[in-house]
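Here is a short briefing on a protein chain for a reader new to structures. Please keep the sequence and the 3D view at hand while reading.

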Amino acid sequence: MKRQLSAIELTIAGMFVALMCIGANITSIVPFMVVGGVPITLQTFFAILAGAILGSRLGAISMLVYAFIGLAGAPVFAKFGGGVGHLLSPTFGFIISFIITAYLTGKLIERNKSVSIYITAALVGMTVNYLFGTNWMYFAYKLWAAAPEGFTYHMAWLWMIPPLPKDIILAVCAGLMAHRMENRVLSRSQFRKLQRTN
């Protein structure tokens, strides 16, 4: 049976929820960073970092909390969106994918602590984010949302090209940052001792 989360774990998980809220709304500062209705945000970066630093369980929990806060009505999604209506949004698949991304990134790193695994896990997490989110968006437009004229599966993936270089670079940076924190900070902290008992 899983133990209860400690106060420090909940605090750090809450910090990542806050970071996701900030990363989601970068477009409020630079509104031109929206391509085909898909905001170019820092959410993928923070989801990867959550899994890499918090581990699979706590990382996924922090992303789940973020999703629930948004669905409850708080304006924490991209472009300060919120509310249960986002369940029908074509981009809601990306929000779901952040939970999977954090979990898989953390799970891969839990097996091996080398820098190459950190980077690989981060890139795997980013790939899952793109695959799940883009496919959800395509089927949402085809099944229940009002698709743009001439919308195709190929077009859905074309929309994902602009943020791709940014997300690849940030995924690698997230892997390197998490590995550095593991060796320099977290390995010496009470939090890391607690996390190992997960």
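Asp167 is buried, with a relative accessible area of 5%; buried means under 20% relative accessible area, exposed means over 50%, and partly exposed lies in between, with a 1.4 Å probe and protein chains only. Asp167 forms a salt bridge with Lys166, and their closest N and O atoms are 2.8 Å apart. A salt bridge here is a side-chain nitrogen of Lys or Arg within 4 Å of a carboxyl oxygen of Asp or Glu. Lys166 itself is partly exposed, with a relative accessible area of 23%.

This is a predicted model, in which local features need pLDDT of at least 70, side-chain atom pairs count only at pLDDT 80 or more, and totals for chains, interfaces and linings use all residues. Residues are numbered from 1 along each chain as its sequence is written, and side-chain values use heavy atoms, with hydrogens and water left out.

**Salt bridges**

- The structure holds two salt bridges.
- Side chains of opposite charge can pair when their charged atoms come close.
- Besides the pair of Lys166 and Asp167, Glu110 and Lys107 meet through their side chains in a salt bridge of 3.6 Å, N to O.
- Glu110 and Lys107 both lie in helix 4, three residues apart, which is about one turn of the helix.
- An α-helix has 3.6 residues a turn, so residues three or four places apart point the same way.
- Glu110 is partly exposed at 38% relative accessible area, and Lys107 is partly exposed at 28%.

**The chain as a whole**

- The secondary structure comes to eight helices and two strands, where helices (H or I, at least four residues) and strands (E, at least two) are DSSP runs numbered from the N terminus.
- Along the sequence the pattern reads α-β-β-α-α-α-α-α-α-α.
- Of the 198 residues in the chain, 45% are buried.
- Among contacts with a separation of 6 or more, 70% are between residues 24 or more positions apart; a contact means heavy atoms within 4.5 Å.
- The chain exposes about 9,600 Å², and carbon and sulfur atoms supply 71% of that area; accessible areas come from the Shrake-Rupley method with a 1.4 Å probe, and for residues only the protein chains shown count as cover.

**The largest nonpolar core**

- A nonpolar core is a set of buried Ala, Val, Leu, Ile, Met, Phe, Trp, Tyr and Cys residues joined through side-chain atoms within 4.5 Å.
- The largest core has 47 residues, and Phe16, Leu49, Leu54, Met63, Tyr66, Phe77 and Phe98 touch the most other members.
- Helix 1 (7-24), helix 2 (43-54), helix 3 (56-71), helix 4 (92-111), helix 5, helix 6 (153-159) and helix 7 (164-184) each give two or more residues to this core.
- Helix 2 supplies the largest share, nine residues.
- In soluble globular proteins, nonpolar side chains tend to be buried together.
- Leaving aside neighbours within four places in sequence, Leu49 is in contact with Phe16, Leu54, Ala174, Met177 and Ala178.

- The 18 residues of helix 1 should span 26 Å at 1.5 Å a residue, and the end C-alpha atoms are 26 Å apart, which agrees; the expected span is 1.5 Å times one less than the number of residues.
- The buried residues of helix 1 include Glu9, Ile12, Phe16 and Met20.
- Helix 3 has 16 residues and reaches 22 Å from its first C-alpha to its last, close to the 22 Å expected.
- Ser62 in helix 3 is buried at 1% relative accessible area.
- Not counting residues up to four places away in sequence, Ser62 touches Ala13, Phe16, Val17, Ala50 and Leu54.
- Gly73, which follows helix 3, has a positive phi, near 120°.

- Phe92 is in helix 4 and counts as buried at 6% relative accessibility.
- Beyond residues up to four places away in sequence, Phe92 touches Leu71, Phe77, His86, Leu87 and Trp136.
- Phe139, in helix 5 (residues 115-143), is partly exposed at 46% relative accessible area.
- Phe139 forms a nonpolar surface patch with Val84, Leu87, Leu88, Leu143 and Trp144, with about 640 Å² of accessible area together.
- Patches are made of residues with over 30% relative accessible area and no salt bridge, with like charges joined within 9 Å and nonpolar side chains (Val, Leu, Ile, Met, Phe, Trp, Tyr) within 5 Å.
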